[in-house]
Amino acid sequence: MHVVATKETWEGEKRAALIPASIEKLVADGFEVSVESTIGTAAGFRDSEYEQAGATVLPDRTSALDRANIVLAVRRPDEDTITQFPADCLLMSLLDPFKEPELIKRLAEQRVSAISLEMIPRSTIAQKMDVLSSQASLAGYAAMVLACYNLNQIFPMMMTPAGTLSPARVFVIGAGVAGLQAIATAQRLGARVEAFDTRPVVKEEVQSLGAKFLDIDLGDTGQTEQGYAKELTAEQLEIQRRGMADAIARSDIVVTTAQVFGRSAPRIVSRDMIESMRPRSVVVDMAVDSGGNVEGSELGKTIDINGVQLIGPRNLPSTVATHASQMLSSNLYEFIKHFKNDDEPILNLDPSDPIIERCLVTQGGKVLLDNGSDS
């Protein structure tokens, strides 16, 4: 089978779906691999490295897709690219299927079998191919580094002849993969960290990192099968806001990570909460691209609210593109390896497989995606 990885065309996207290290493994497994020229340049990988790993570097997308059996990409394809997909090829990329129903319909019309990487279940057997977790972990790290850069004070306590400098106070809202990495990063930098999540089950994980868990009794909450927090009721959101108000007011940095899979992010931090913070404090809304957790946040912009810097970062994993590409490429290789036939380089995508039944969204000209909002 011919595996093709295409260069990203989204503005600011520096990640590559495939890096040389994974190509060596694919070639060893018997796959033919081609990549679009300069696919990895922004992530720090030269075309010559791809060639040395055993890939054919092709000058344009049309020639790369001409004989593709498997297409690997980071972002969802545009219309021009979709028309170039060979019938019955397999596409693997981040498709955002619940928000892009027309895209999924077009892929089905083109008879493309599409794997939505966001839909790969967070299960033990699928851990090595869990793209969302690998990218969210890097995003959490990058968010805290961004906050640190924009704060006008240092993170750790420092005792000097001129006096003692108090540590920065950090409050992380949401203790999923991204939140836990943000907490760990802030702890390593020496900040005093507090965190909150609607799922009490993550309390021990927060405390194991050295942070304090903010207890707010919201009643029954839980989480979805994807590992996300379930959407709260209006009453629960109000209790949450009141419980977080003091923590936000005493913090130098607030990082929000709360998302509900397949839906807009919950609005949990209001403008008056931000105005209660000291001037030159920093708020990073990691959920800004899915609607935002913070009132007033805008994608790709830094807004000044009463002296507080409200940052709506765009594509945080791409800011650490080398490692983001390394992890993503490894996730994709592990997926292919898992479903590869033992005797030849062919993938067995059994619709009844517990992984495939969750992430295969089109096949044979049909859309296989259901509502999925609670899964």
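A residue counts as buried when its relative accessible area is under 20%, as exposed when that area is over 50%, and as partly exposed in between. The legends below use these words for a predicted model.

Figure 1. The protein chain contains twelve helices and 17 strands. Its radius of gyration is 22 Å, close to the 21 Å that the globule rule gives for 375 residues, so the chain is as compact as a globular protein of that length. Of the 375 residues, 54% count as buried. Contacts between residues at least 6 apart in sequence were also examined, and 64% of them join residues at least 24 apart.

**Figure 2. The surface and the charged side chains of the protein chain.** The accessible surface comes to about 16,600 Å². Carbon and sulfur atoms account for 48% of that surface. The chain carries 36 positive and 51 negative side chains. The centres of these two sets lie 5 Å apart.

**Figure 3. The aromatic pair Phe335 and Phe339 in helix α11**. A pair of aromatic rings is described by the distance of the centres and the angle of the planes. A search of the whole structure finds two aromatic pairs. In the pair shown here, the ring centres of Phe335 and Phe339 are 4.8 Å apart and the planes stand at 45°, so the pair is tilted. Planes under 30 degrees apart would count as stacked, and planes over 60 as edge-to-face. Both residues belong to helix α11, which covers residues 321–339. Phe335 and Phe339 are four residues apart, about one turn of the helix. Phe335 and Phe339 are both buried.

Figure 4. With a relative accessible area of 1%, Val254 is buried. Glu194 is 60 residues from Val254 along the chain, and the C-alpha atoms of the two are separated by 9.6 Å.

**Figure 5. Gly163 in strand β8, shown with Glu100**. Gly163 lies in strand β8, which covers residues 163–165. Its relative accessibility is 27%, so Gly163 counts as partly exposed. From Gly163 to Glu100 there are 63 residues in sequence and 55 Å in space, C-alpha to C-alpha.

**Figure 6. The loop residue Asp96, with a positive phi**. Asp96 sits in the loop between β5 (90–93) and α5 (101–109). Its phi is about 45°, a positive value, although Asp96 is not a glycine. Is Asp96 buried or partly exposed? At 27% relative accessibility, Asp96 counts as partly exposed.

**Figure 7. The loop residue Asn315, with a positive phi**. The loop that holds Asn315 lies between β15 (308–311) and α11. Phi of Asn315 is near 55°, which is positive in a residue other than glycine. The relative accessible area of Asn315 is 13%, so this residue is buried.

Key. Residues numbered from 1 in each chain as written. Predicted model: local features only at pLDDT ≥ 70, side-chain atom pairs only at ≥ 80, totals over all residues. Heavy atoms only, no water. Helix = DSSP H or I, 4+ residues; strand = E, 2+ residues; numbered from the N terminus. Rg over C-alpha atoms; globule rule 2.2 N^0.38 Å. Buried < 20%, exposed > 50% of the residue type's maximum accessible area, 1.4 Å probe, protein only. Contact = heavy atoms within 4.5 Å. Areas by Shrake-Rupley, 256 points an atom, 1.4 Å probe, with all protein chains shown as cover. Lys, Arg positive; Asp, Glu negative; His and termini not counted. Charge placed at Lys NZ, Arg CZ, Asp CG, Glu CD. Phe/Tyr/Trp six-rings, centres within 6.5 Å; stacked < 30°, edge-to-face > 60°.
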